[in-house]
There are 2 protein chains.
Amino acid sequence: MDQINNIQVVPCTSSNHLKPFRVHYSQNGTKKSWDFMRTHESVSILIFNTTSHCFVLVKQFRPAVYVSGVTYELCAGLVDKPDLPLEEIARQGVLQECGYDVPVAKLRKITSYRSGVGVTGAKQTLFYAEVSEENHVGVGVAEGAAEPREGEVVKVPLHEAMTFAYDESIPKTMPVIFSFIWFHSNMSPKYKISTNV
Amino acid sequence: MDQINNIQVVPCTSSNHLKPFRVHYSQNGTKKSWDFMRTHESVSILIFNTTSHCFVLVKQFRPAVYVSGVTYELCAGLVDKPDLPLEEIARQGVLQECGYDVPVAKLRKITSYRSGVGVTGAKQTLFYAEVSEENHVGVGVAEGAAEPREGEVVKVPLHEAMTFAYDESIPKTMPVIFSFIWFHSNMSPKYKISTNV
């Protein structure tokens, strides 16, 4: 795992990444305002390796998660190219972060939702991708990527997935928990999965 | 539903609500920095009304969700009183937002997770609360609350819950989808629930 040290937090008077906006509006005739951040729409992908029967996650050092620093997350990508379909952005995310080259046809949309509605509110779309060792073409750019994403690709065996999902000592995002349970509900006829929730 | 108009978005040079911080750190010997926002830890509560067999959600106008404006969310509360246990903060949230007075013993912790790890990264803890019409003591402060939360309490019948969860034309947060499916997996022996996912 990465060595993280010399952590120092300071107020930030002007950020290139975080630009607050203020929205003025009227609600039932009363003038109001609300401050928020613009963030990109994004895709997240639950990757299941059918050869090793493992889920493929990305373990990242997240400076914003100041309590523990490390979180387990789904492979993800920002929707920063408006001309590309979400499936193609998801496909590139799987390749770049985790090193699997899968055809778009292997991606299945699960659903979409809003994230962080108080501060950001960006739309996120969740996909499911089945990969095999034959699709593995590299270690994943995430393992040696440029900033800001520098994750470590980790595998969670299928039979440990539900225990992992509910183990609160492992910091993780909601889509990890949700997608494991979605898999349990929708794929368990196809793949044997432990049900000791 | 509320009347929302005169929406105007402007850059925000100084916000009382959003204060960016910058963290400096070393990763494998390389000096780096990352800008983030501090946000409060929070609790969310899946409320199930055992009298009407409905889930109780809060429909809110969220200025940050600039695409549609309205989202369906779980009842929630900020952990802004460090001396109170999370269960008590959840109990107060259920009372203040949705008007149900339930004892802490009726609250069951489902799990906790990290939200918005890129920008904020705050911990959120998810609870399940069973309420009945007997617990209903008011309309919920959310219906006529002071800023910033001004939601409308809405009920989703149990038999429509899974269709609601996966209907992407209804903007909602991930904990709504997750908790409906959690209920489906964990409470379906107790309550009949539609399985047409």
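Modeller: Let's go from the overall fold to the helices, and then to single residues.

Modeller: A word on the ground rules. This is a predicted model, where local features need pLDDT of at least 70, side-chain atom pairs count only at pLDDT 80 or more, and totals for chains, interfaces and linings use all residues. Residues are numbered from 1 along each chain as its sequence is written, chains are lettered from A and ligands numbered from 1 in the order in which they are written, and side-chain values use heavy atoms, with hydrogens and water left out.

Colleague: How many helices and strands does chain A have?

Modeller: Helices (H or I, at least four residues) and strands (E, at least two) are DSSP runs, numbered from the N terminus. Chain A has ten strands and three helices. Their order along the sequence is β-β-β-β-β-β-β-α-β-β-β-α-α.

Colleague: Now the helices. What span is expected for helix α3 of chain A, and what does it reach?

Modeller: The expected span is 1.5 Å times one less than the number of residues. Helix α3 of chain A (residues 174-187) has 14 residues and reaches 19 Å from its first C-alpha to its last, close to the expected 20 Å.

Colleague: Is α3(A) mostly covered or mostly open?

Modeller: Mostly covered: twelve of the 14 residues of α3(A) are buried. Among them are Phe178(A), Ile181(A), Trp182(A) and Met187(A). In α3(B), too, twelve of the 14 residues are buried, including Phe180(B) and His184(B).

Colleague: How do α3(A) and α3(B) cross?

Modeller: Axes are lines fitted to C-alpha atoms, for helices over the stretch in contact, and angles run from 0 to 180 degrees between N-to-C directions. The axes of α3(A) and α3(B) come within 10 Å and cross at roughly 35 degrees. A crossing is left-handed if the near helix is turned anticlockwise from the far one by less than a right angle, and right-handed if clockwise. This one is left-handed.

Colleague: Which residues meet there?

Modeller: First, a general point: an α-helix has 3.6 residues a turn, so residues three or four places apart point the same way. Here, Met174(A), Pro175(A), Ile177(A), Phe178(A), Ile181(A) and Ser185(A) meet Met174(B), Pro175(B), Ile177(B), Phe178(B), Ile181(B) and Ser185(B).

Colleague: What does α1(B) pack against?

Modeller: Helix α1 of chain B covers residues 86-98. Its buried residues, including Ile89(B) and Val94(B), pack against β4, β5, β7, β8, β9 and β10 of chain B. Just after α1(B), Gly99(B) takes a positive phi of about 80 degrees.

Colleague: Where else is phi positive, in a residue other than glycine?

Modeller: Most residues other than glycine have a negative phi. His53(A) has a positive phi near 50 degrees, and it lies in the loop between β4 and β5 of chain A. His53(A) counts as partly exposed because its relative accessibility is 32%. In chain B, phi of His53(B) is also near 50 degrees.

Colleague: And is Cys54(B) buried or exposed?

Modeller: Cys54(B), in strand β5 of chain B, is buried because its relative accessible area is 10%. Its contacts beyond four places in sequence include Phe48(B) and Pro157(B).

Notes
Buried < 20%, exposed > 50% of the residue type's maximum accessible area, 1.4 Å probe, protein only. Contact = heavy atoms within 4.5 Å.
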